[in-house]
Amino acid sequence: QVQLVESGGGLVQAGGSLRLSCAASGRPFGIYAMGWFRQAPGKEREFVAAINWNGGSTYYPDSVKGRFTISRDNAKNTVYLQMNSLKPEDTAVYYCAAPTRPLTTAQAMDDLTSVGSWGQGIQVTVSS
């Protein structure tokens, strides 16, 4: 079972930037895709970004494409989410996610059924 710990959330004004980090432990990191999801109050958890095992492929929904960038450092067992041009509608609890199976593609990570482990979540609030 992998353990995931997010950091870097907080309050930012619209148009600003934040960088989230997720440190993983408990299993080999470099053979698994990683992803980020978010959940706003009263809404379902939604896919935000994913990256394949070696960082060579990333995947985003249209709502964040061009503003968010996912990256990873396999030497540090860490995945990052750089969020730029933030909007009030980006306000949510953000969750780091790891798949159950190794070598999952980035595209497959947009399916909640691919996720085997979640971080505790971290609040991101964007003020207007």
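A quick word on ground rules. Because the model is predicted, local features need pLDDT of at least 70 and side-chain atom pairs count only at pLDDT 80 or more, while totals for chains, interfaces and linings use all residues. Residues are numbered from 1 along each chain as its sequence is written, and side-chain values use heavy atoms, with hydrogens and water left out.

Let's start inside. By nonpolar core I mean a set of buried Ala, Val, Leu, Ile, Met, Phe, Trp, Tyr and Cys residues joined through side-chain atoms within 4.5 Å. Buried is under 20% relative accessible area, exposed is over 50%, and partly exposed is in between, with a 1.4 Å probe and protein chains only. The largest core has 29 residues, and the members touching the most others are Met34, Trp36, Val79, Leu81, Met83 and Tyr94.

Which elements give two or more residues to this core? They are β3 (18-25), β4 (34-39), β5 (46-51), β7 (68-73), β8 (78-83), β9 (92-99) and β11 (122-127). Strands here are DSSP runs of E, at least two residues long, and helices are runs of H or I, at least four, all numbered from the N terminus. There is also a second, separate core of eight residues, with Ala33, Ala50, Ala97 and Ala106 among them.

Contact means heavy atoms within 4.5 Å. Setting aside neighbours within four places in sequence, tyrosine 94 is in contact with Glu6, Leu20, Phe37, Arg38, Val48, Phe68, Leu81, Met83, Gly121, Ile122 and Val124. Keep Arg38 in mind from that list; we'll come back to it.

Next, the disulfide, which is a pair of cysteine sulfur atoms within 2.5 Å. Searching the whole structure turns up one. Cysteine 22 and cysteine 96 form it, with their sulfur atoms 2.1 Å apart. Cysteine 22 sits in strand β3 and cysteine 96 in strand β9, so the bond links distant parts of the chain, 74 residues apart. Both cysteine 22 and cysteine 96 are buried. For those who like handedness, the S-S torsion is about -80°, so this disulfide is left-handed.

Now back to arginine 38, which has its place in strand β4. Is arginine 38 buried or exposed? It counts as buried, because its relative accessibility is 6%. A polar contact is a pair of N or O atoms within 3.5 Å; within protein, one must be able to donate a hydrogen and the other to accept it, and residues adjacent in sequence count only if both atoms are side-chain atoms. The arginine 38 side chain makes such a contact with the side chain of tyrosine 94, at 3.0 Å.

On to salt bridges, where a side-chain nitrogen of Lys or Arg lies within 4 Å of a carboxyl oxygen of Asp or Glu. In general, side chains of opposite charge can pair when their charged atoms come close. The count here is four salt bridges. Arginine 38 forms one with glutamate 46, the closest N and O atoms being 2.6 Å apart. Glutamate 46 is partly exposed, at 35% relative accessible area.

Arginine 38 also forms a salt bridge with aspartate 90, closest N and O atoms 2.9 Å apart. Aspartate 90 lies in the loop between β8 and β9 and arginine 38 in strand β4, so this pair ties together parts 52 residues apart in sequence. Aspartate 90 is buried, with a relative accessible area of 1%.

Aspartate 90 has another partner, arginine 67, with closest N and O atoms 2.7 Å apart. Arginine 67 is in the loop between β6 (58-59) and β7, 23 residues from aspartate 90. Arginine 67 is buried too, at 11%. Put together, Arg38, Glu46, Arg67 and Asp90 are linked in a network of salt bridges.

Last stop, β8. Five of its six residues are buried, so β8 is largely enclosed by the rest of the structure. Two strands pair if DSSP finds at least two bridges between them. β8 pairs in the antiparallel sense with β3 over six bridges, and with β7 in the antiparallel sense over six bridges. Arginine 19 stands opposite glutamine 82 in β8, while threonine 78 in β8 is the bridge partner of aspartate 73. β7 and β8 form a hairpin with four residues between them, and in the turn asparagine 77 has a positive phi of about 55°.
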